[in-house]
Amino acid sequence: MEDNPNDIELTLHAFKKNKLTNRIHVVRDGAEALEFLFATGAYAGRDSADWPRVILLDIKLPKVDGLEVLRQIKKDPRTRTIPVVLLTSSREERDILESYRLGSNSYIVKPVEFDQFTNAVRELGMYWLLLNRPPVEPAA
Amino acid sequence: MTQEITVPNEELSRFFRLSIDMLAVAGFDGFFKRLTPSWERTLGWSEAELLARPYMEFIHPDDREATLAEAGKIATGLDTIHFENRYRCQDGSYRWLAWTASPSMSEERIYAVARDITAEKRASEELRLANQELEAFAYTVSHDLRAPLRAINGFVQILLEEYAAELQGEARRYLGLVAGNAQLMGRLVDDLLRFSRLNRQPMRRQPVETRRVVDRALEQLRNSIEDRPVEISIGQLPPCRGDANLLEQVFVNLVGNGIKYSRGRTPARIEIGSRADAGGQTVYFVKDNGTGFDMNYAHKLFGVFQRLHRSEDYEGTGVGLAIVQRIVHRHGGRIWPEAEVDHGATFFFTLGGDQTWQAKAA
């Protein structure tokens, strides 16, 4: 869930480079993010039981902001257990605290240095997609 | 006594008429009894109008409760040293008044002086808003500048790593320069962000063991120390009152600078200590035996992004000392350097406020 096309391209590139070839779906604003997740609106035809394994969420999103998206994800028992990684430029402490308060699973400040960016993406991809075992089914 | 007030002598009466401040005698019954002409000049009501109604009716509804409490305090015999509320003018606008007042228990009256502080209030509110806007601006700018920098860096790195074979020597070098500059700008933006955040961070002032703060700062700096011989001596450091985290930042930046600019000295020597000035106030200092600087440029040291050395010689963005100065100023203290080219630099600072007890504690 990211609005900046450069960040999208770089993130996808970093995934590809690290051979993380999982299915990746990109949504460009907070409203679309919620529609995708809960299979409503433009995504009404999506199989709503097909939950993402991990969500990368930019904090600054058009329409519905990232923290609001996070709040909705963590509020709904069906999506509450999906790991959410916040990706953002903001180092503001209050953003960090707020995001933890809402139950994000980790928080990564997008580094300006590309190597750090690639590393960050690799590590989080490895961790959440390969190592971290999601609950068998979301707690009802 | 009463006689003197009800029939003032000619001299007092002249002053009363001339006063720019608004003098008032009010009864415990909630009515004004006597007012200077400055009331009419300030609020637009005639004296008769002001005397005819309880004064509470002229006070801003939001300030009535506080005013009632203050008047109640005065009625028990206490003086008001400073109190502020808003009075309604005849044209419907409000003016801020600052008050001093004192009761006469035998007369059941309050003697009070009010001063119109509307202009000051407005100016300080405007200043507060302007500062807030400036901080929001600095934050937004530095925040939003990071995104394009990430893109520049990212795509340049992809070119360098994955298209290296197709690039000629010069092309690779230019791309390296692009990457280097984007990274430098990233650091500038981060530093600007840190600097702007400093102003919004609340300050928690409490007793601080200065020595502990210095030890923590040195711990932070260990990486930059380890790769060459640096002798650090720590003298007497009396405790102080301040924000421990902010003071740690002061020592990290000052000692970090000392280490940086004493590169090339063997050994590099840093001295951290304190002394008492003529007034008994503690002056902390950080001294190095490094490259120093020309005191003619000392006034430039504390500006944001100001540097006295070439970036090829000494890395840095020129924000460290600006941050140090800001922290010292926020503590009500003062900072100044003493230096000579090639003979090291010393930074002295005080922390202001009531630090007198520390002399005893030391």
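**The sheet of chain A**

Analyst: Happy to. Let's begin with confidence, as this is a predicted model. Chain A has an average pLDDT of 77, and 76% of the residues reach at least 70. Within chain A, the highest mean belongs to helix α2 (residues 30-37), at 90, while helix α4 (residues 93-101) has the lowest, at 59.

In chain A, three strands make up an open sheet, ordered β1-β2-β3, with parallel pairing. At its edges are β1 (55-58) and β3 (106-109) of chain A, each of which pairs on one side only. From one strand to the next, the twist averages 25°.

What joins β2 to β3 in chain A? Strand β2 (residues 84-88) of chain A runs parallel to β3(A), and four bridges connect the two. If you'd like a residue pair to look for, A:L86 has A:Y107 in β3(A) as its bridge partner.

The sheet also has a helix against it: α3 (residues 66-75) of chain A lies across β1 and β2 of chain A. The direction of helix α3(A) is at about 145° to β1(A).

Do keep in mind the mean of 59 for α4 of chain A as you look around.

Note on methods
Residues are numbered from 1 along each chain as its sequence is written. Chains are lettered from A and ligands numbered from 1 in the order in which they are written. This is a predicted model: local features need pLDDT of at least 70, side-chain atom pairs count only at pLDDT 80 or more; totals for chains, interfaces and linings use all residues. pLDDT is the predictor's confidence in each residue, from 0 to 100. Two strands pair if DSSP finds at least two bridges between them. Axes are lines fitted to C-alpha atoms, for helices over the stretch in contact, and angles run from 0 to 180 degrees between N-to-C directions. Two residues are in contact if their C-beta atoms, placed from the backbone, lie within 7 Å.
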